[in-house]
Amino acid sequence: MRIAVVGSGYVGLVSAACFAEIGHNVVSIDNDPDKITALERGEVPIHELHLSELLDRHHNHRLRFSTSLGDSIRDAEAIFITVGTPQSETGEADLSYVESVAREMASALRGQQLVVEKSTVPVNTCDSLRRALVLNGAPSQSFSVASNPEFLREGTAVVDFLYPDRIVIGADDEFSRTVLSKIYAPLANGTYYRQREAIRLHNGVYDRAPIIVTNAKSAELIKHASNAFLAMKISFINAVANISESVGADIQQVCAGIGSDSRIGPKFLNAGIGYGGSCFPKDVQAFRMVSEQCNYEFGLLKEVTKINTEQQRLFVKKVQSALWTLRGKKLGVLGLAFKGETDDVRESPAIAIVNALVKEGATARAYDPAAMRRAADLLPKEGMTFASNPYDAAVGCDALLILTEWREFAALDLERVRRALRHPIVVDGRNLFDPEKASRAGLIYYSIGRPACMPDRSLLTGQEEDYAATSHRIESPLSAGATS
Ligand code: NAD
């Protein structure tokens, strides 16, 4: 089929490449000329596994790029809108980018075309989009509007798109259902997975993508409710982690016990410094505003956000407790992206934490495998340097902080880390290491929801032994004043 994707960001570019991969002719449109020129040159603007392979394979065959919305959508059978829907000052989703696309495309719509909202939007946006198109000159009989929310995760976006847990088709008419079903047919009937060159799933058996057909409003709600639920799971386990740490339990053991209940499941039960990124924070907020507009007080969502923000503050406090004072301390920082395997730093808890620590007078030397360039704009110009690898970030530091769960960090040689540090202190906001292993490597190891761990004494120099002896117990996150 002929598909246009408006917006070539994380969702738009991955969707465009994957639609081409499953056999469609796709134009990927963006109003940022630099982005389109770079894509035309073969540059890949985001860090995503398999994306460059797909762009190489399909660019100038089944995939092209354009800055011209009107010209590009004229022949498209389906037009997917994947522009940003950031948080506005009131907390609602800012739909001005979606509206501006509607304004621009209205006069170019002709014949039977399907406009698909793939951006995350509040319930009822399909209706508003339909109205905006007509108001701006699209003949009402010439198009249909449907919702097809996207559930991909940055870092594994291509595989998530091609091997989804489910595809939600939110359609209010037969035409929309038919077009979207046809588009996803290679995934739904499994023909894509039998192709020799298909992107492979490394673990697990998968033969066809489940399709869930709903009306448009339900599809819109599914997306907001899913993200709010996932954010709630993270905040819930972080709250439990704070109690766990306070009483000397081990959150990893607690999670293993909770997650083995099939009604709960083990995923998304990782205690840490909280969620971030361009989706959860704004989507929880936007969903809360939707509930307010329905005259329903969804107080739970307020708590979810509050626990998440508090988690960052508690981490800063934990670093401070480990070092006594922050002023003048040199901190190694591993991770700036909002999560591992991506270069996205939007609403990254790591950035908020580094900013807070530098504000308190510490200096930071950071390393991230992919996000340093994007992060530099959001970090202080003074008191901040960047390292060329994780060990370099630790050299001469008073402590090393782990802020993003990159797989590469979990595989670090902890003895080498210890040798690089001035003081053998690691404060791990992502629970990447086994405390016993950290102890055997000679580290004073603080993590989230687990008891602090002292180094194996036999490994310490006299001075380090004195230091460790005075660091037995970090202040509990729930000790007096910690949650004020
Ligand atoms: P993004 O900021 O990476 O990309 C948006 C792109 O749209 C940008 O390249 C921008 O230049 C372009 N754009 C803006 N206005 C335009 C216009 N008028 N014409 C053409 N292009 C225009 O955003 P994203 O992360 O891809 O998110 C897009 C939507 O998808 C959001 O609603 C988000 O909530 C949702 N979503 C994101 C993810 C994710 O992991 N990033 C996952 C699922 C859903």
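S291 counts as buried, because its relative accessibility is 9% and the cut-off for buried is under 20%. The model is a predicted one. S291 sits in helix α11. Setting aside neighbours within four places in sequence, S291 is in contact with Y296 and F298. That residue gives a way into its helix.

Helix α11 runs over residues 280-293. It holds 14 residues. From its first C-alpha to its last, α11 reaches 20 Å, close to the 20 Å expected at 1.5 Å a residue. Most of α11 is covered, with 12 of its 14 residues buried. The buried set includes F280, P281, K282 and D283. V284, Q285, A286 and F287 are buried too. What does the covering of the buried residues of α11 include? Helices α9 and α12 are among the elements that cover them. After α11 comes N295, whose phi is positive, near 60°.

Take the α12 side next. α11 and α12 pack at an angle of about 155°, and their axes are 9 Å apart. That angle makes α11 roughly antiparallel to α12, because angles over 145 degrees count as roughly antiparallel. The crossing of α11 past α12 is left-handed. On the α11 side, the contact is made by V284, Q285, F287 and R288. On the α12 side, L301, K302 and T305 make it. The residues of this contact divide into 3 nonpolar, 2 polar and 2 charged. An α-helix has 3.6 residues a turn, so residues three or four places apart point the same way.

Helix α9 spans residues 216-247, and helix α10 spans residues 251-259. Their axes come within 10 Å and cross at roughly 130°. That makes α9 oblique to α10. The crossing of α9 and α10 is right-handed. Which residues of α9 meet α10? They are I237, V240, A241 and S244. Across from them, α10 supplies I251, V254, C255 and I258. The residues of this contact divide into 7 nonpolar, 1 polar and no charged. The contact of α11 with α12, by comparison, has 3 nonpolar, 2 polar and 2 charged.

Helix α1 lies at residues 10-21. At 1.5 Å a residue, its 12 residues should span 16 Å. The end C-alpha atoms of α1 are 17 Å apart, which agrees. Like α11, this helix is mostly covered. In α1, 11 of the 12 residues are buried. Among them are Y10, G12, L13, V14, S15 and A16. A17, C18, F19, A20 and E21 are buried as well. Just after α1, G23 takes a positive phi of about 110°.

The last stop is D392, in helix α15, residues 390-394. Is D392 buried or partly exposed? D392 is partly exposed, because its relative accessible area is 21%. The cut-off for buried is under 20%. Not counting residues up to four places away in sequence, D392 touches R365 and A387. D392 and V417 are 25 residues apart in sequence. In space, D392 and V417 are 9.1 Å apart, C-alpha to C-alpha.

Notes
Residues numbered from 1 in each chain as written. Predicted model: local features only at pLDDT ≥ 70, side-chain atom pairs only at ≥ 80, totals over all residues. Heavy atoms only, no water. Axes fitted to C-alpha atoms, helices over the stretch in contact; angles between N-to-C directions. Helix = DSSP H or I, 4+ residues; strand = E, 2+ residues; numbered from the N terminus. Parallel < 35°, antiparallel > 145°, perpendicular 65-115°, else oblique. Left-handed = near helix turned anticlockwise from the far one by under 90°. Contact = heavy atoms within 4.5 Å. Nonpolar A, V, L, I, M, F, W, Y, C, P; charged D, E, K, R; others polar. Expected span 1.5 Å × (residues − 1). Buried < 20%, exposed > 50% of the residue type's maximum accessible area, 1.4 Å probe, protein only.
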